[in-house]
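Subject: Handing over the structure

Hello,

Here is the structure I promised to pass on to you.

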Amino acid sequence: RVLEVYELEVDVCSLTHDLTKVREMHPVIRHCVTAGLEKRSQAVAHELRGRLYMSEENWEAAYGAFLEASTLRQWENPICATETLKYAVLANMLTLSSDDP
């Protein structure tokens, strides 16, 4: 449930363009990823990291985070995995990479 609160907070910060608050949340979300949570929680944490990276215009890191989130969500909820994969493709396009996601 804590990650859902962070997810909403990242959404609000994205809408208000409050990058300082987003940067403050980054270490907490990174800790959630490494804490050995269940797959769904790890997927949410990776997606949040991807959003944080996108707000910082760090497209390569965002691509990696969204791709990992999509992989984790694939078995649980294919629709969410597809949405997350769309973000991964977008981040990959913004890196101007020749890699095919």
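Arg 73 is buried, with a relative accessible area of 10%; buried here means under 20% relative accessible area, exposed means over 50%, and partly exposed is anything in between (1.4 Å probe, protein chains only). Before you go further, please note that this is a predicted model, in which local features need pLDDT of at least 70 and side-chain atom pairs count only at pLDDT 80 or more, while totals for chains, interfaces and linings use all residues. Residues are numbered from 1 along each chain as its sequence is written, and side-chain values use heavy atoms, with hydrogens and water left out.

What does Arg 73 pair with? Its partner in a salt bridge is Glu 47, and the closest N and O atoms are 2.9 Å apart. By salt bridge I mean a side-chain nitrogen of Lys or Arg within 4 Å of a carboxyl oxygen of Asp or Glu. This pair links distant parts of the chain, since Glu 47 sits in helix α3 and Arg 73 in helix α4, 26 residues apart. Helices in these notes are DSSP runs (H or I, at least four residues), as strands are (E, at least two), and they are numbered from the N terminus.

A search of the whole structure finds three salt bridges. The one still to mention is between Glu 83 and Lys 86, with the closest N and O atoms 3.4 Å apart. Because Glu 83 and Lys 86 are three residues apart in helix α5, about one helical turn separates them. Glu 83 is partly exposed at 41% relative accessibility, and Lys 86 is exposed, with a relative accessible area of 52%. Returning to the other bridges, shared partners join Glu 47, Arg 51 and Arg 73 into one network.

Now for the chain as a whole. How many helices and strands does the protein chain have? There are five helices and zero strands, so in sequence order the pattern reads α-α-α-α-α. Of the 101 residues in the protein chain, 37% are buried. The chain exposes about 6,300 Å², and carbon and sulfur atoms supply 56% of that; accessible areas come from the Shrake-Rupley method with a 1.4 Å probe, and for residues only the protein chains shown count as cover. Among contacts (heavy atoms within 4.5 Å) between residues at least 6 apart in sequence, 45% join residues at least 24 apart.

The 17 residues of α5 (residues 78–94) should span 24 Å at 1.5 Å a residue, and the end C-alpha atoms are 24 Å apart, which agrees; the expected span is 1.5 Å times one less than the number of residues. Which residues of α5 are buried? They are Ala 81, Thr 84, Ala 88, Ala 91 and Asn 92. These cover an arc of only 100 degrees around the axis, so they are on the same side of α5; the arc is that of the directions from the helix axis to the C-beta atoms. The buried residues of α5 pack against α3 (39–55) and α4 (59–73). On the other side of α5, Ile 79, Lys 86 and Met 93 are exposed. Just after α5, Leu 96 takes a positive phi of about 60 degrees.

Finally, have a look at His 26, which is placed in helix α2 (residues 19–34). His 26 is buried, with a relative accessible area of 9%. Leaving aside residues up to four places away in sequence, His 26 touches Arg 49, Leu 52 and Tyr 53. The C-alpha atoms of His 26 and Leu 52 are separated by 7.1 Å, with the two residues 26 apart along the chain.

Best wishes
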